[in-house]
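Let's walk through this one together, a chain at a time. Keep the 3D view open as you read.

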Amino acid sequence: MSYWALSLTLIFVLIPLLLSKTLNLGLGRDMTVATIRSIIQLLAVGYVLKFVFDSESLLYIFLMVALMIVAATHNAQKKGAAIQGITWKIAVTLIFVEVLTQGILIGFNITPATAQYIIPISGMVIGNSMVLSILFLNRFTAEVEDHQDQTELILSLGGTPKQAIHRQLINSIKASMIPTIESQKTVGLVQLPGMMSGQIIAGADPIQAVQFQLLIMFLLLTTAAVTSVFLGYLSYPTLFNKRMQLLKG
Amino acid sequence: MSTQYKPAIHFQHVDYRIGDIEILNDITGSFPQGRITTLVGPSGAGKSTLLKLCNGLISPANGEIFVKDKAIGEYDPVELRRMVGMALQSAPMVNGTVYENLNLPLELQGQQLAKEEALELLEDVGLKGDLLERKVKELSGGQRQKVSIARTLVNKPEILLMDEITSSLDRASKLEVEELISKINRKYKTTIIWITHNLQQALEIGDYTWVMMDGQVVETGESSLLEDPQNDRVEEFVKGVVS
């Protein structure tokens, strides 16, 4: 794409800005900030990626992935403020998911251990894991709050904290995984995934693009399941003390 | 409080607070074993909090609680809660059938309640056996409350805590539940600690009573104290409730 063509894409920013102004939506400032931020952030990432790819240094790959995990943790932890030690729990979850998925990909030689594969795939895995963490924490804190009587009922009948919180935990894990599963059911019918579309536009063979997309989708399914379950089982014990009492936020 | 009976639960200078707010202040006294003690007092007096302290759902900020002469902290929480059962006004149920709810206490221990035992429990609480497979959603308030009591009895508790279990029931159901509790007390020698707003109920059912106000126990004794309170505030409260 030429720079002229790239500049013309700003038309797609002007249309919503115009609509916002005409209908008094009050979104003009937010959209402008979002546009400027996306230009700066993506250009910066582009140059950083070029540098990392050219250097072929494992240290830079590691630093890039670490940066992604730190940023994702920072973003997700706000939703779980009520849970003690949530920041490190999210960080451990993201690290576990990243190590597991890259371990399988590289270990089974599904993708090469190069920056060109590790960094974009890690971005998708960590980003997805972050969203899943937010969805899970949102639902879990609401479930715990809304079903406090159920939790106390099980405890008062001599149940353990794990038994007392089991239903809320399972509901939250299921609810946070639904968007991932549902989007996979309609993929190709309703929309073409971004990565696959990007590859096709860039001139790749559509069948090869589909193969990579399948890899990513299956990867994201594991990411979703492992994130919710891992974070759930890390989080619930901190809702109780040693005397098996429900701690109230 | 009477000295005839051993204490099932004894409070010794117990305080409880949430943050800076004092909910219970210097509670001292005993609940006699095998008897029915009612807790009465205005809303916000700390009665429900005191009940939760009895089965370790919460712990005191200061002081000691003894259950059957043993400090509450020395019990395994699971063992304690099976020994000190609790039934709540809201009678919370898990989704499913009456049987699934009755089976819950044993399911938590990896066991299963025999259908015959479940039917016996229903009979004990005055419910018909054909309710066993009924969804709890379809039960009336009185039936739910009886199922909740029956479920608590599955653990065969030695002490039974009840938080306003009849306050939302109609008169007929209320009388049935009162009779049931008296029967449980007589049949199993279960110690009963019962929160009620109904002073007539406290007089008729309770052997002893604690009157609580503003997080403190202001008067204790045989239930007849409610007919002739010694404390001015209690007298005022009784008059207010009766009139």
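What share of the contacts in chain A with a separation of 6 or more comes from residues 24 or more positions apart? The share is 70%, where two residues are in contact if their C-beta atoms, placed from the backbone, lie within 7 Å.

Before going further, note that this is a predicted model: local features need pLDDT of at least 70, side-chain atom pairs count only at pLDDT 80 or more, and totals for chains, interfaces and linings use all residues. Residues are numbered from 1 along each chain as its sequence is written, while chains are lettered from A and ligands numbered from 1 in the order in which they are written.

Chain A has ten helices and zero strands; these are DSSP runs numbered from the N terminus, with helices being H or I of at least four residues and strands E of at least two. Its C-alpha atoms fill a box of roughly 70 × 55 × 35 Å along the principal axes.

An unreviewed UniProt entry marks "transmembrane region" at residues 57–76, 88–111, 117–137 and 214–236 of chain A; such annotations may be inferred rather than shown by experiment. Residues 57–76 of chain A are 95% helix, with end C-alpha atoms 29 Å apart. For residues 214–236 of chain A, the figures are 96% helix and 33 Å.

Now hop over to chain B, where an open sheet of four strands has the order 2-1-4-5, paired antiparallel. Its edge strands are strand 2 (21–32) and strand 5 (70–71) of chain B. Two strands pair if DSSP finds at least two bridges between them; strands 1 and 2 of chain B are joined by eight.
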